[in-house]
Amino acid sequence: MDRYMSLQLFTSDLQMRGLLALMVVCVASNFVSCVVTIYSPMDKVLVLSVPHGPRAPSNVSLVCGEAYKDQDVVWKKNGQSTRYVGNQLTVRVEEMMAGNFSCHLRRDGSYLNHTLVLVQLNPDNMTVLLEKLPGSSDTQHILCSGNNYSGSFNCRWTKKRENAAVLLVKAERNSTAIACEVDADGSGVRCNERGCVKQEESHFIDFSVYIYSNARLEKYSRVFFLRDIVIPGRVTNLRLEGERFLWEEPEFWEKPCSFYQLQFEVKRVQHGASCQAFPALKEKTEILADKSFPIYKKKPKKYVFCVRAQDKYTGAPWGEYSKLDV
């Protein structure tokens, strides 16, 4: 005889708020595993966390809403009509066959409510929706960076599937939420932590993005200090005055909020060459704390003077070069 395992998901308070997800039933019969956990990362979204490998189907009970219990209700799945009718229904979820379940009035098709049912494999370590960062471990899919210590930073990723979309972004430090805005193409976010870092950071930033494609959901996370991802922008106002090269800090390097100082790398390369050219002409590349450097006494007819900035104390990557043709 089949064994049934049921788990009550939400309280009547959530039902009053119009959420659809109520219960999931795992039907255990001749399957290796029947351990299904469920959670709701946001309103109107239900996630079934299921084990890898053979597993039992899950019966999920949905309700259109307390306000519609006396209405003539019909249901759609992913926008397509189904045979389901009534305020409540039970759908059988097998493998990744979940989706968006919406309820409507039969008489005119008016939308009433919906629940997006997604499936997440547990453990979530066999990801297929985002590309791995080049040269990184299999767990690194998100690249985060900032150009100063004002609290703003960007995180980006590369989607493997064209229809992959962002469900939810969460960023926080020491249990305090950080506001983030998803880019229009769904391949990154811009986050802004209020305030600026004027002392050593003592708490990590915890960043997570939930990506889904069809009914599959994957969670990607990264934990970092702001000081580890800050890469200065290009130095500005690079010029030649008398017998010295002079420049200024990057445009967005906020001096009142900069606890860490900059250092600068200078070198010269042949005219027409990239600042990335190596080795540099004759003189070795030099690292400076000052924003000036003497001209080369023995110089060819033409060359390119290159300079870039780096946080002096964190060992974070160098910024991009600025250059001046001489």
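How many helices and strands make up the secondary structure of this chain? Hi everyone, the count is 1 helix and 25 strands, where helices (H or I, at least four residues) and strands (E, at least two) are DSSP runs, numbered from the N terminus.

A quick word on the basis. This is a predicted model, where local features need pLDDT of at least 70, side-chain atom pairs count only at pLDDT 80 or more, and totals for chains, interfaces and linings use all residues. Residues are numbered from 1 along each chain as its sequence is written, and side-chain values use heavy atoms, with hydrogens and water left out.

Now the whole chain. It has 326 residues, and 46% of them count as buried, meaning under 20% relative accessible area with a 1.4 Å probe, protein chains only. Take contacts (heavy atoms within 4.5 Å) between residues at least 6 apart in sequence: 62% join residues at least 24 apart.

Next, a hairpin. Strand β6, residues 73-77, pairs with β7 in the antiparallel sense over 3 bridges; pairing requires at least two bridges found by DSSP. K77 has Q80 in β7 as its bridge partner. Between the strands sit 2 residues, and N78 takes a positive phi near 55°. Of the 6 residues of β7 (80-85), the number buried is 0, so this strand lies largely in the open.

Finally, an open sheet of 4 strands, with antiparallel pairing in the order β11-β12-β16-β15. β11 (143-145) and β15 (179-182) are the edges, each with a single partner strand, so one side of each has no neighbour in the sheet. Further in, β12 (152-156) and β16 (188-192) pair over 5 bridges, with N154 opposite R190 in β16. Thanks, everyone!

Key
Buried < 20%, exposed > 50% of the residue type's maximum accessible area, 1.4 Å probe, protein only.
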